[in-house]
Amino acid sequence: MSILPNEGAFEDFKRQCLASENWLNKYDNGGKQVWIEVLPDRGINSPKVHKIKCRMSIGDVPAATMYDVIHDGQYRKEWDTNMMESYDIARLSDNADVGYYSWRCPKPIKNRDVVSLRSWQVKGDEYIVINFSVKHPDFPIKNKIVRAVSILTGYYIKATGPNSCIFIYLSQVDPKGSLPKWVVNKASQVLAPRVLSSVHQAGKNYPAWKKKNSPDVKAWLNPKQNQLPYIDPALLSIQRADSLENVDESSKLDDQDAEDSS
């Protein structure tokens, strides 16, 4: 069975993005909303990390531009202030690749990284990008960085006019480590509106930036422009959260932190 998302996976992701049942609103202000999924209690089998959904009504950026912003790795370096390192590793098909991303966390919490499979689909005025964590034999866990797990993360963007759209971000990520899950869930709800504002601003600035940075190159729209090597999807497997060690971060700094504080 292929690890690549099929049509059903995209349809299910869209359904979750547009669903209202079993979702609890936690924030609603300035055209931005944040929800968490509330499921029936299944005891020890209940998910420990909330699935969070963020929706933003954008009135001044086309859907196609927001889609480009999500894909453009070079541009992300301009607006994602938490990013440490990000790069594409290889492609699996014309609409799927595998990549690496690491981000800064406030000290003494260790920084995080993920290796994830990303797949995308465009149908008329709808744009979908989904990703989830995978194991890649050439990209093992690094020292001093905690390997997080994206259970499911993605974007649903739908045009509402020539220069307006609905932008939805849905995510369920286990940061691993020893952070209490209630802290993770609360932090996600607080930070989400700020992230939405940052992405919106990135969308407004993108056309001017792109004119000066390879304006004719958009490999996510034109597969022939993609210079990444192909790899066999069979080399990858889904990264399960329970297979990764919970690193203790509660009582000690890593070596670099100790040096910085001396």
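## Salt bridges around Glu-126

Lys-158 and Glu-126 form a salt bridge, with the closest N and O atoms 3.9 Å apart. Because Lys-158 lies in strand S9 and Glu-126 in strand S7, the pair ties together parts that are 32 residues apart in sequence. This is a predicted model. Lys-158 is partly exposed, at a relative accessible area of 29%, whereas Glu-126 is buried, at 14%.

Glu-126 also forms a salt bridge with Lys-14, and here the closest N and O atoms are 3.0 Å apart. That pair links distant parts of the chain, since Glu-126 is in strand S7 and Lys-14 in helix H1, 112 residues apart. Lys-14 is partly exposed, with a relative accessible area of 22%. Together with Asp-125, the residues Lys-14, Glu-126 and Lys-158 are linked in a network of salt bridges.

## A salt bridge within helix H1

The whole structure holds 13 salt bridges. One of them joins Arg-15 to Asp-12, with the closest N and O atoms 2.7 Å apart. Both residues belong to helix H1 (residues 7–18); they are 3 residues apart and therefore separated by about one helical turn. Asp-12 is partly exposed, with a relative accessible area of 33%.

## Nonpolar cores

The largest nonpolar core has 27 residues, of which Ile-58, Met-66, Tyr-67, Tyr-75, Ile-157 and Phe-167 touch the most other members. At least two residues of this core come from each of strand S3 (52–58), helices H2 (63–71) and H3 (73–79), strands S7 (126–135), S9 (149–161) and S10 (164–174), and helix H4 (181–211). H4 contributes the most, with 6 residues.

Beyond its neighbours within four places in sequence, Ile-157 is in contact with Ala-63, Met-66, Tyr-67, Ile-70, Asp-125, Glu-126, Tyr-127, Cys-165, Ile-166 and Phe-167. Another core, of 14 residues, lies apart from the largest one; among its members are Leu-92, Leu-117, Ile-145 and Ile-231.

## Strand S5 and its partners

Strand S5 (residues 96–103) is mostly covered, as 7 of its 8 residues are buried. On the S4 side, strand S4 (residues 83–93) runs antiparallel to S5 and is joined to S5 by 8 bridges. A hairpin of 2 residues connects S4 to S5, and Asp-88 stands opposite Gly-99 in S5.

S5 also pairs with strand S6 (residues 111–123) in the antiparallel sense, over 8 bridges. In this pairing Ser-102 stands opposite Asp-113 in S6.

Technical notes. Residues are numbered from 1 along each chain as its sequence is written. This is a predicted model: local features need pLDDT of at least 70, side-chain atom pairs count only at pLDDT 80 or more; totals for chains, interfaces and linings use all residues. Side-chain values use heavy atoms; hydrogens and water are left out. A nonpolar core is a set of buried Ala, Val, Leu, Ile, Met, Phe, Trp, Tyr and Cys residues joined through side-chain atoms within 4.5 Å. Buried means under 20% relative accessible area, exposed over 50%, partly exposed in between (1.4 Å probe, protein chains only). Helices (H or I, at least four residues) and strands (E, at least two) are DSSP runs, numbered from the N terminus. Contact means heavy atoms within 4.5 Å. Two strands pair if DSSP finds at least two bridges between them. A salt bridge is a side-chain nitrogen of Lys or Arg within 4 Å of a carboxyl oxygen of Asp or Glu.
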